[in-house]
Amino acid sequence: MTTHEWLEALATVASVHRVQAAQRTVVWRRWGRGSPLVLLHGGHGNWMHWARNVIALSAHHEVWVPDLPGYGASDLPPEASLEAMAQAIRSTLATLVPEPEPMALLGFSFGGLVAAQLASMRPAVTQLALLGPAGHGGTRRPKGELRPWRPALKAQDQAALREVMRHNLLIHMIHAPDAVDELALTIHTRACAETRFRSKPLSRATGLPNLLAPYTGRLLVAWGEHDVTADPPSVMSQLNAPQAICTQHTVAGAGHWVQFEAADSINRLLNDWLAPPTKKET
(Lines give C-alpha, C1' and ligand atoms only; values in the text may rest on other atoms or scores of the structure.)
Protein backbone atom coordinates (compact mmCIF):
# COMPACT_ATOMS: atom_id res chain seq x y z
CA MET A 1 0.00 0.00 0.00
CA THR A 2 1.37 3.42 -0.96
CA THR A 3 1.43 6.39 1.43
CA HIS A 4 -1.45 8.02 -0.43
CA GLU A 5 -3.49 4.82 -0.26
CA TRP A 6 -2.78 4.47 3.47
CA LEU A 7 -3.92 8.03 4.17
CA GLU A 8 -7.02 7.51 2.03
CA ALA A 9 -7.86 4.35 3.95
CA LEU A 10 -7.42 6.18 7.26
CA ALA A 11 -9.70 8.98 6.07
CA THR A 12 -12.29 6.51 4.77
CA VAL A 13 -12.87 4.88 8.17
CA ALA A 14 -13.68 8.27 9.72
CA SER A 15 -17.06 9.95 9.56
CA VAL A 16 -16.86 13.51 8.24
CA HIS A 17 -18.96 16.33 9.69
CA ARG A 18 -19.10 19.80 8.10
CA VAL A 19 -20.47 22.06 10.82
CA GLN A 20 -21.43 25.71 10.37
CA ALA A 21 -21.28 28.49 12.93
CA ALA A 22 -21.52 32.20 12.11
CA GLN A 23 -21.73 31.29 8.40
CA ARG A 24 -18.34 29.58 8.48
CA THR A 25 -17.67 25.87 8.18
CA VAL A 26 -15.35 23.74 10.31
CA VAL A 27 -14.70 20.21 9.06
CA TRP A 28 -14.55 17.52 11.76
CA ARG A 29 -13.64 13.84 11.53
CA ARG A 30 -14.59 11.14 14.01
CA TRP A 31 -13.06 7.75 14.75
CA GLY A 32 -14.20 5.19 17.32
CA ARG A 33 -16.72 5.15 20.14
CA GLY A 34 -16.49 5.88 23.83
CA SER A 35 -15.80 8.94 25.94
CA PRO A 36 -15.15 12.07 23.82
CA LEU A 37 -11.54 13.02 23.04
CA VAL A 38 -10.80 16.09 20.89
CA LEU A 39 -7.43 16.47 19.11
CA LEU A 40 -6.24 19.88 17.82
CA HIS A 41 -3.40 20.00 15.30
CA GLY A 42 -0.52 22.47 15.06
CA GLY A 43 0.23 25.40 12.79
CA HIS A 44 0.85 24.50 9.12
CA GLY A 45 -1.11 21.35 9.91
CA ASN A 46 -4.45 19.66 9.54
CA TRP A 47 -6.12 16.52 10.89
CA MET A 48 -3.26 14.43 9.49
CA HIS A 49 -0.92 15.70 12.21
CA TRP A 50 -2.61 12.86 14.17
CA ALA A 51 -2.38 10.20 11.43
CA ARG A 52 -0.33 7.84 13.61
CA ASN A 53 -2.51 8.31 16.68
CA VAL A 54 -6.22 8.30 15.86
CA ILE A 55 -6.61 4.53 15.51
CA ALA A 56 -4.77 3.75 18.77
CA LEU A 57 -6.74 6.40 20.67
CA SER A 58 -10.08 5.45 19.14
CA ALA A 59 -9.82 1.98 20.68
CA HIS A 60 -11.11 3.55 23.91
CA HIS A 61 -12.52 6.93 22.87
CA GLU A 62 -14.75 8.72 20.41
CA VAL A 63 -11.99 10.74 18.78
CA TRP A 64 -12.92 14.07 17.18
CA VAL A 65 -10.36 15.88 15.01
CA PRO A 66 -11.05 19.16 13.19
CA ASP A 67 -9.18 21.02 10.55
CA LEU A 68 -8.74 24.20 12.59
CA PRO A 69 -10.26 27.33 11.01
CA GLY A 70 -7.99 28.53 8.21
CA TYR A 71 -6.39 25.09 7.78
CA GLY A 72 -7.22 22.11 5.60
CA ALA A 73 -10.84 22.17 4.46
CA SER A 74 -12.13 24.58 7.13
CA ASP A 75 -13.01 28.22 6.52
CA LEU A 76 -10.97 31.03 8.01
CA PRO A 77 -12.11 32.33 11.41
CA PRO A 78 -13.87 35.72 11.45
CA GLU A 79 -10.71 37.36 12.79
CA ALA A 80 -7.08 36.41 13.36
CA SER A 81 -7.29 36.01 17.13
CA LEU A 82 -6.89 33.10 19.50
CA GLU A 83 -10.33 33.79 20.95
CA ALA A 84 -12.01 33.69 17.52
CA MET A 85 -10.22 30.46 16.66
CA ALA A 86 -11.27 28.80 19.93
CA GLN A 87 -14.83 30.11 19.66
CA ALA A 88 -15.21 28.61 16.19
CA ILE A 89 -14.09 25.25 17.58
CA ARG A 90 -16.34 25.58 20.62
CA SER A 91 -19.44 26.50 18.60
CA THR A 92 -19.09 23.73 16.05
CA LEU A 93 -18.00 21.10 18.57
CA ALA A 94 -21.10 21.82 20.68
CA THR A 95 -23.29 20.38 17.91
CA LEU A 96 -21.27 17.15 17.97
CA VAL A 97 -20.52 16.80 21.69
CA PRO A 98 -23.01 18.78 23.82
CA GLU A 99 -21.29 21.10 26.27
CA PRO A 100 -22.53 19.52 29.51
CA GLU A 101 -20.83 16.26 28.48
CA PRO A 102 -17.38 15.69 30.06
CA MET A 103 -14.57 15.42 27.52
CA ALA A 104 -10.80 15.24 27.20
CA LEU A 105 -8.88 17.72 25.06
CA LEU A 106 -5.48 17.24 23.44
CA GLY A 107 -3.55 19.91 21.54
CA PHE A 108 -0.24 19.89 19.67
CA SER A 109 1.95 22.99 19.20
CA PHE A 110 -0.34 25.89 18.16
CA GLY A 111 -3.22 23.52 18.77
CA GLY A 112 -2.04 23.23 22.38
CA LEU A 113 -2.50 26.97 22.81
CA VAL A 114 -5.94 26.76 21.18
CA ALA A 115 -6.80 23.84 23.47
CA ALA A 116 -5.86 25.84 26.56
CA GLN A 117 -8.05 28.71 25.36
CA LEU A 118 -10.92 26.32 24.61
CA ALA A 119 -10.59 24.71 28.05
CA SER A 120 -11.03 28.15 29.59
CA MET A 121 -14.28 28.66 27.63
CA ARG A 122 -16.01 25.27 27.53
CA PRO A 123 -17.29 23.58 30.69
CA ALA A 124 -16.49 19.97 31.64
CA VAL A 125 -13.03 19.67 30.05
CA THR A 126 -11.86 17.16 32.63
CA GLN A 127 -8.49 16.32 31.07
CA LEU A 128 -6.20 18.61 29.07
CA ALA A 129 -3.07 17.24 27.37
CA LEU A 130 -0.59 19.53 25.62
CA LEU A 131 2.18 18.25 23.35
CA GLY A 132 4.92 20.80 22.68
CA PRO A 133 2.46 23.65 23.27
CA ALA A 134 2.96 27.11 21.79
CA GLY A 135 2.36 30.39 23.59
CA HIS A 136 4.74 29.81 26.50
CA GLY A 137 6.97 32.79 25.65
CA GLY A 138 10.03 30.98 26.96
CA THR A 139 13.34 29.75 25.58
CA ARG A 140 13.47 28.24 22.10
CA ARG A 141 16.28 26.09 20.64
CA PRO A 142 16.31 26.65 16.87
CA LYS A 143 18.51 24.36 14.74
CA GLY A 144 18.63 26.65 11.73
CA GLU A 145 16.58 28.63 9.26
CA LEU A 146 13.46 27.36 7.52
CA ARG A 147 13.45 27.61 3.73
CA PRO A 148 10.59 29.13 1.70
CA TRP A 149 8.47 26.45 0.05
CA ARG A 150 5.90 28.50 -1.84
CA PRO A 151 8.11 29.19 -4.92
CA ALA A 152 8.59 25.46 -5.53
CA LEU A 153 4.88 24.82 -4.99
CA LYS A 154 3.91 27.61 -7.40
CA ALA A 155 6.37 26.33 -10.00
CA GLN A 156 5.08 22.76 -9.52
CA ASP A 157 8.69 21.67 -9.07
CA GLN A 158 8.12 18.46 -7.14
CA ALA A 159 11.81 17.66 -6.62
CA ALA A 160 12.56 21.12 -5.21
CA LEU A 161 9.43 21.04 -3.07
CA ARG A 162 10.36 17.65 -1.64
CA GLU A 163 13.87 18.88 -0.80
CA VAL A 164 12.68 22.01 1.00
CA MET A 165 10.01 20.11 2.91
CA ARG A 166 12.56 17.54 4.09
CA HIS A 167 14.88 20.36 5.20
CA ASN A 168 12.11 22.16 7.09
CA LEU A 169 10.90 18.98 8.79
CA LEU A 170 14.41 18.30 10.11
CA ILE A 171 14.93 21.91 11.18
CA HIS A 172 11.65 22.34 13.00
CA MET A 173 9.49 19.23 13.35
CA ILE A 174 11.45 15.95 13.48
CA HIS A 175 14.76 15.10 15.14
CA ALA A 176 15.93 11.85 13.50
CA PRO A 177 16.65 11.99 9.75
CA ASP A 178 15.31 8.47 9.16
CA ALA A 179 11.96 9.54 10.66
CA VAL A 180 11.40 11.92 7.74
CA ASP A 181 9.70 9.26 5.68
CA GLU A 182 7.25 9.41 2.79
CA LEU A 183 4.32 9.79 5.18
CA ALA A 184 5.88 12.75 6.97
CA LEU A 185 6.70 14.46 3.68
CA THR A 186 3.22 13.88 2.27
CA ILE A 187 1.41 15.15 5.35
CA HIS A 188 3.60 18.21 5.77
CA THR A 189 3.44 19.17 2.10
CA ARG A 190 -0.34 18.84 1.89
CA ALA A 191 -0.87 20.70 5.14
CA CYS A 192 1.41 23.60 4.24
CA ALA A 193 -0.25 23.99 0.84
CA GLU A 194 -3.68 24.29 2.51
CA THR A 195 -2.66 26.67 5.33
CA ARG A 196 -4.27 30.13 5.20
CA PHE A 197 -4.08 31.19 8.86
CA ARG A 198 -0.91 32.81 10.21
CA SER A 199 -0.38 31.34 13.67
CA LYS A 200 3.17 32.58 14.36
CA PRO A 201 2.24 35.86 16.14
CA LEU A 202 -0.02 33.94 18.53
CA SER A 203 2.40 31.04 18.99
CA ARG A 204 5.29 33.35 19.89
CA ALA A 205 3.24 35.33 22.42
CA THR A 206 3.00 34.56 26.14
CA GLY A 207 -0.65 33.63 26.66
CA LEU A 208 -0.34 29.99 27.73
CA PRO A 209 0.62 30.45 31.42
CA ASN A 210 -2.36 32.71 32.13
CA LEU A 211 -4.74 30.30 30.39
CA LEU A 212 -3.50 27.34 32.44
CA ALA A 213 -3.48 29.11 35.81
CA PRO A 214 -7.22 28.70 36.57
CA TYR A 215 -7.59 25.24 35.01
CA THR A 216 -8.81 22.71 37.59
CA GLY A 217 -8.90 19.44 35.62
CA ARG A 218 -6.10 16.95 35.09
CA LEU A 219 -3.23 18.33 33.00
CA LEU A 220 -0.50 16.58 31.01
CA VAL A 221 2.34 18.51 29.34
CA ALA A 222 4.68 16.44 27.16
CA TRP A 223 7.61 17.38 24.95
CA GLY A 224 10.07 15.70 22.66
CA GLU A 225 13.56 15.74 24.15
CA HIS A 226 14.85 17.70 21.17
CA ASP A 227 11.84 20.00 20.64
CA VAL A 228 13.25 23.15 19.06
CA THR A 229 10.27 25.28 20.09
CA ALA A 230 11.09 25.12 23.80
CA ASP A 231 13.56 24.15 26.50
CA PRO A 232 11.12 21.91 28.43
CA PRO A 233 12.57 22.25 31.97
CA SER A 234 12.74 26.05 31.82
CA VAL A 235 9.33 26.40 30.19
CA MET A 236 7.64 24.09 32.69
CA SER A 237 8.89 26.29 35.52
CA GLN A 238 7.12 29.26 33.91
CA LEU A 239 3.72 27.66 33.37
CA ASN A 240 1.14 28.72 35.92
CA ALA A 241 -0.19 25.18 36.28
CA PRO A 242 -1.06 23.77 39.71
CA GLN A 243 1.56 21.07 40.22
CA ALA A 244 -0.88 18.78 42.02
CA ILE A 245 -2.84 18.21 38.82
CA CYS A 246 0.01 18.46 36.29
CA THR A 247 1.89 15.48 34.88
CA GLN A 248 5.10 16.30 33.00
CA HIS A 249 6.73 13.99 30.50
CA THR A 250 9.67 14.16 28.08
CA VAL A 251 9.97 11.66 25.21
CA ALA A 252 13.59 10.66 24.62
CA GLY A 253 15.01 11.06 21.14
CA ALA A 254 12.04 12.88 19.64
CA GLY A 255 11.59 16.33 18.18
CA HIS A 256 8.67 18.76 18.11
CA TRP A 257 6.17 16.59 16.17
CA VAL A 258 6.43 14.09 18.97
CA GLN A 259 3.17 12.21 18.35
CA PHE A 260 4.40 11.36 14.84
CA GLU A 261 8.07 10.64 15.46
CA ALA A 262 7.44 8.71 18.68
CA ALA A 263 3.90 7.53 17.95
CA ASP A 264 4.05 4.28 19.91
CA SER A 265 5.40 6.00 23.03
CA ILE A 266 2.87 8.83 22.85
CA ASN A 267 -0.05 6.49 22.18
CA ARG A 268 0.84 4.42 25.27
CA LEU A 269 1.35 7.55 27.36
CA LEU A 270 -1.97 9.06 26.32
CA ASN A 271 -4.03 5.88 26.65
CA ASP A 272 -2.60 5.27 30.12
CA TRP A 273 -3.11 8.88 31.23
CA LEU A 274 -6.62 9.10 29.79
CA ALA A 275 -7.76 5.86 31.43
CA PRO A 276 -10.02 6.26 34.49
CA PRO A 277 -8.01 6.09 37.72
CA THR A 278 -8.10 2.79 39.57
CA LYS A 279 -9.51 2.51 43.06
CA LYS A 280 -5.98 2.33 44.42
CA GLU A 281 -5.07 5.61 42.68
CA THR A 282 -8.17 7.36 44.08
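Predicted model: local features only at pLDDT ≥ 70, side-chain atom pairs only at ≥ 80, totals over all residues.
Which residues does Thr-195 touch, not counting residues up to four places away in sequence?

Residues are numbered from 1 along each chain as its sequence is written, and side-chain values use heavy atoms, with hydrogens and water left out.

To the opening question: Thr-195 touches His-44, Gly-45, Gly-70 and Tyr-71, where contact means heavy atoms within 4.5 Å. Thr-195 lies in the loop between H7 and helix H8 (200-203); helices are DSSP runs of H or I with at least four residues, strands are runs of E with at least two, and both are numbered from the N terminus. Thr-195 counts as buried because its relative accessibility is 10%. Buried means under 20% relative accessible area, exposed over 50%, and partly exposed in between, with a 1.4 Å probe and protein chains only. The side chain of Thr-195 also reaches the backbone oxygen of Ala-191 at 2.8 Å.

Let us turn to Leu-68. This residue is placed in the loop between strand S4 (61-66) and H3. Leu-68 is buried, with a relative accessible area of 0%. Leu-68 and Thr-195 stand 127 residues apart in sequence, and their C-alpha atoms are 9.8 Å apart in space. Leaving aside neighbours within four places in sequence, Leu-68 is in contact with Leu-40, His-41, Ser-74, Met-85, Ile-89 and Phe-110.

Next, helices H3 and H4. The axes of H3 (residues 82-93) and H4 (residues 110-121) come within 9 Å and cross at roughly 70°. Axes here are lines fitted to C-alpha atoms, for helices over the stretch in contact, and angles run from 0 to 180 degrees between N-to-C directions. H3 and H4 are therefore roughly perpendicular to each other, a term for angles of 65 to 115 degrees, with under 35 roughly parallel, over 145 roughly antiparallel and the rest oblique. The contact includes Met-85 and Ile-89 of H3 and Phe-110 of H4.

Finally, helices H1 and H7. The axes of H1 (residues 3-12) and H7 (residues 182-193) come within 10 Å, crossing at roughly 65°. H1 and H7 are therefore roughly perpendicular as well. In this contact, Thr-3, His-4, Trp-6 and Leu-7 of H1 meet Glu-182, Leu-183, Thr-186, Ile-187 and Arg-190 of H7.

Definitions and conventions:
Polar contact = N/O pair within 3.5 Å; in protein donor to acceptor, adjacent residues only side chain to side chain.
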